[in-house]
Amino acid sequence: MGVYVGEAISAQIATAFIKTNTPWNTAMKAIGIVGIVVAVLVRLVIREPVRQTSLKQAEESFGINRHAHRAKADFLATVRHVLRMRSFWLLTLSAGFRQLSGNVFGYYMPGYLSAIYPSQEDLLSHYGIIVGVVGSFTVVAGGLISSLLWRRTVMTPLYMTAIGGMLSSIFVILMIFSKSVAGNSESRGVKVLYGVMSVAYLTAETWLGAFNSLLVLLLPPQYKTFGLAIYMSTLVLIYSTGPQIMSLALRNIEVNSEGYIKRVRIVLSVLIPLGYWLAGFGFLLCIKKVRQDIQGDLIPAGQMSRARKMTFMAFSVFLGCLVVALFVTSLVFR
């Protein structure tokens, strides 16, 4: 729920700053001060969990240097394990596309909606309330549904994520074109916007907790820490390309101009649904592979083909080069 509650709070803060004509640098200072105060309170109030005895014993017996070697060995063992898994990389790639769409949505949708509804002063406030309330309700509902159906099928999170995202893409497009649907009337358009946005979040956001729980289930205890670290780092590399692609698509166009709004509308209506559908197909393709991994039917260590190893290596190099290239390009053409 942290994602949705955070967006809801930030939307209220943004609305307050806009209404009081607060400069962006003052707003940044204010939010920074609040963050520092919250951090101090957390440090004073929340107790640090007691370290597990096994970790203490390992540190005492191995020493710092030998413990570092042990960590390196654990990391390499985790890499070998996830390479042998049938579903891990397709799950990671699919989740990356799903997060890419969400990242682009979060970065550009509020500004775009504010631009096409300039007379609606409370737009961002209402936007945040919908995200906070509907998003929080939906993600908890996704967890409850997965728990209720767990004994019948473990695949519920994959079905919810895949089908929910595909359905949500329809309502996201209606969000983008809500003003046109309402005959270019802002008063009617925002009503359409709030309605379809609620349905978009209701169909799309069941996945976050349930999917992460399924991913944790797939990893044995000794591989969970580094396995999740590999998953998250790959995810960040994939979805961070979204805003970079958007910035390149919007270069050489004056911000707040009619041409800029039209370009944002086109890119949002293509990039967000595309990510949802690619992720959906990927998750559906994962179902059989996830069942095999849960049953322990991994690729035998001695039977992993050289082509599979080379494919993963080539993908890692390609993804890293893509991120660096997009970042450098965005700086050059900014």
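**Figure 1. Contacts across the whole chain of this predicted model.** Take contacts in the protein chain between residues at least 6 apart in sequence: 83% of them join residues at least 24 apart. The protein chain has 13 helices and 0 strands. Its pattern along the sequence is α-α-α-α-α-α-α-α-α-α-α-α-α. The C-alpha trace spans about 65 × 50 × 45 Å along its principal axes. Of the 334 residues, 38% count as buried.

**Figure 2. Helix α4 packed with helix α9.** Two packed helices are described by the angle between their axes and the distance between the axes. Here α4 covers residues 88-116 and α9 covers residues 207-218. The angle is about 160°, and the axes lie 12 Å apart. Angles over 145 degrees count as roughly antiparallel, so that is the relation of α4 to α9. The crossing of α4 past α9 is left-handed.

**Figure 3. Residues at the contact of α4 with α9.** From α4 come F88, L91, A95, R98 and Q99. They meet W207, L208, F211, L215 and L218 of α9. By class, this contact has 8 nonpolar residues, 1 polar and 1 charged. An α-helix has 3.6 residues a turn, so residues three or four places apart point the same way.

**Figure 4. Helix α10 beside helix α11.** Residues 224-239 form α10, and residues 241-249 form α11. The two pack at an angle of about 10°, with axes 5 Å apart. Angles under 35 degrees count as roughly parallel, so α10 is roughly parallel to α11. Which residues of α10 meet α11? They are L237, I238 and Y239. Their partners in α11 are T241, G242 and P243. The contact of α10 with α11 has 4 nonpolar and 2 polar residues by class, and no charged ones.

**Figure 5. Helix α13 from its first C-alpha to its last.** Helix α13 runs over residues 306-332 and has 27 residues. How far does α13 reach from its first C-alpha to its last? The span is 38 Å. That is close to the 39 Å expected at 1.5 Å a residue.

**Figure 6. Buried residues of α13.** Which residues in α13 are buried? F312, L319, V323, L326 and S330 are buried in this helix. Buried here means under 20% relative accessible area.

Conventions: Residues numbered from 1 in each chain as written. Predicted model: local features only at pLDDT ≥ 70, side-chain atom pairs only at ≥ 80, totals over all residues. Heavy atoms only, no water. Axes fitted to C-alpha atoms, helices over the stretch in contact; angles between N-to-C directions. Helix = DSSP H or I, 4+ residues; strand = E, 2+ residues; numbered from the N terminus. Parallel < 35°, antiparallel > 145°, perpendicular 65-115°, else oblique. Left-handed = near helix turned anticlockwise from the far one by under 90°. Contact = heavy atoms within 4.5 Å. Nonpolar A, V, L, I, M, F, W, Y, C, P; charged D, E, K, R; others polar. Expected span 1.5 Å × (residues − 1). Buried < 20%, exposed > 50% of the residue type's maximum accessible area, 1.4 Å probe, protein only.
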